[in-house]
Amino acid sequence: MPLTSDIPKPALPVCGYPILDYVTAQLCYYGVRKIVYAAGYLPDVIRKRAEKYACADCVTVAENKPLGTCGAVKNTEKLLGDCFFVLSGDCLSDINLFEMAAMHKRSGALATIAVKPSDAPFRYGVVKTDNSGRVRSFLEKPQNAAKGSLVNLGTYVVDRKALDLAPANRFFDFSRDLFPLLIRKGLLSAYRHDGYWSDLGDIKSYYEANGKFRGGFFYPLPIKEEMKKAGSSVVSGNSLVLGEAEESVVCGGSVVNAGARVNRCVVLGGEVFGVHYKRIIKNGIATPIISISKIIITIMAGVEIFAFT
């Protein structure tokens, strides 16, 4: 069963909290106080969650039609400042946004992208830079990319002037459309990140994120009351463990029935019977971690940096 068949991916819970909480936590930690969520699929789900955040002034803008990653941000242009962050609403990282913003300002570029070496660069946009950090080429998912190549992390600092190159109300992508234009002008730079980053793009990476953050995230989450520690597991207030749960995440109104046992599992809803080890369980259906089920990216978030305006 696809994990995002009934919700936008930013609403997919990691340790019981939607990915959107983690992205918002990172922005608020670095002092961002105005956040614009550009939402395509099921925007009301994003809007209702964002209304609960007290750490920033949050606005959700729905797309009436698919606009692409850059087109979605262009659609929110009137709400943005002279310089802003763009973060994927479905990735987790500990990118130092202070350092990235400072480097962008020094570079004189119109946009700066976060990059890091990857063992599987063919899954991402591959970035080549010169010694000064200027991006000289950008290839989207090249199949012959060498292991260790720098890849695009979907986190950007963008000057509003860059959006002048994007047409209004038309599909326009950062990677395929805007970045090639900026490269030709010599106005795209790269910020290297060597810490944690995951796009949660398959079952394995999603499962690993739930294990990594069961004890807490890098930054304080904006909403904290929903999950409680229960021995070595974390359990949501609307879930019930009548059996055993060890080193697991149990959320989404789940019931681990008497006699059932989950060990190192992520339970996202429904009733659980029997014994499970290293499984993601949704609506009672268990998925092995070896599966590679691609999850579709559905949201970008443009964020104003007041320090620059």
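Which helix is T24 found in? T24 is found in helix α1, and since this is a predicted model, what follows describes the prediction.

T24 has a relative accessibility of 0%, and because buried means under 20%, T24 counts as buried. Setting aside neighbours within four places in sequence, T24 is in contact with I35, Y37, Y53, C55 and P222.

The largest of them has 58 residues, and V14, L92 and I280 have the most contacts inside it. Several elements give two or more residues to this core, among them α2 (43-50), β5 (83-88), α6 (203-212) and β20. The largest share, seven residues, comes from α1. As for V14, its contacts beyond four places in sequence are I19, Y22, L92, L200, Y206, A209, N210 and F213. There is also a second, separate core of 28 residues, which includes A111, Y156, L178 and F179.

| Core | Number of residues | Some members |
|---|---|---|
| Largest nonpolar core | 58 residues | V14, L92, I280 |
| Second, separate core | 28 residues | A111, Y156, L178, F179 |

Now for a sheet. Six strands form an open sheet with mixed pairing, in the order β13-β14-β17-β20-β23-β24. The edges are β13 (227-230) and β24 (285-288); each has a single partner strand, so one side of each is left without a neighbour in the sheet. Within this sheet, β20 (residues 266-269) and β23 (residues 279-282) pair in the parallel sense over three bridges.

Technical notes
Residues numbered from 1 in each chain as written. Predicted model: local features only at pLDDT ≥ 70, side-chain atom pairs only at ≥ 80, totals over all residues. Heavy atoms only, no water. Pairing = 2+ DSSP bridges. Helix = DSSP H or I, 4+ residues; strand = E, 2+ residues; numbered from the N terminus. Core = buried A, V, L, I, M, F, W, Y, C linked by side-chain atoms within 4.5 Å. Buried < 20%, exposed > 50% of the residue type's maximum accessible area, 1.4 Å probe, protein only. Contact = heavy atoms within 4.5 Å.
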